[in-house]
Amino acid sequence: MTTSDTATLLEDAADRIADISRPDLQIMLRRAALRLRNAAAVSMDHDVEEALRDLAGELGMTRNDTIRFIVREWMETNTYLPVHDLDEDGEVDGTA
């Protein structure tokens, strides 16, 4: 189950709280708690956290989105992932 599915189920349950069974509510709350517990699994040193906060603010992203962005960029730059975005108007120096 994805995060958005869990969020949708929780929102729906909140809208009809009187109609939802106790076991169903317990299952949804346990799933939500598990996701929250695992959400902040990456912890950094203080100086790295500070740099992440600053960069996230500059990019207008969350901390986790910034980490994802950095890791993806690093993996593409170091050819661990294929690069999909090509600038069609950029210089290619005779090669494509």
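Modeller: A search of the whole structure finds 1 aromatic pair. Trp74 and Tyr80 form that pair, and it is stacked. This is a predicted model: local features need pLDDT of at least 70, side-chain atom pairs count only at pLDDT 80 or more, and totals for chains, interfaces and linings use all residues. Residues are numbered from 1 along each chain as its sequence is written, and side-chain values use heavy atoms, with hydrogens and water left out.

Biologist: Why is the pair of Trp74 and Tyr80 called stacked?

Modeller: Rings of Phe, Tyr and Trp (its six-membered ring) pair if their centres lie within 6.5 Å; planes under 30 degrees apart count as stacked, over 60 as edge-to-face and the rest as tilted. Here the centres are 5.3 Å apart, with 15 degrees between the planes. So the pair counts as stacked.

Biologist: What makes Glu49 and Arg63 a salt bridge?

Modeller: The term needs a side-chain nitrogen of Lys or Arg within 4 Å of a carboxyl oxygen of Asp or Glu. The closest N and O atoms of Glu49 and Arg63 are 2.7 Å apart, so the pair qualifies. Glu49 lies in helix α3 and Arg63 in helix α4. Helices are DSSP runs (H or I, at least four residues), numbered from the N terminus.

Biologist: How do you know whether Glu49 is buried or exposed?

Modeller: Buried means under 20% relative accessible area, exposed over 50%, partly exposed in between (1.4 Å probe, protein chains only). Glu49 has 16%, so it is buried. Arg63 has 25%, so Arg63 is partly exposed.

Terms used. Helices (H or I, at least four residues) and strands (E, at least two) are DSSP runs, numbered from the N terminus.
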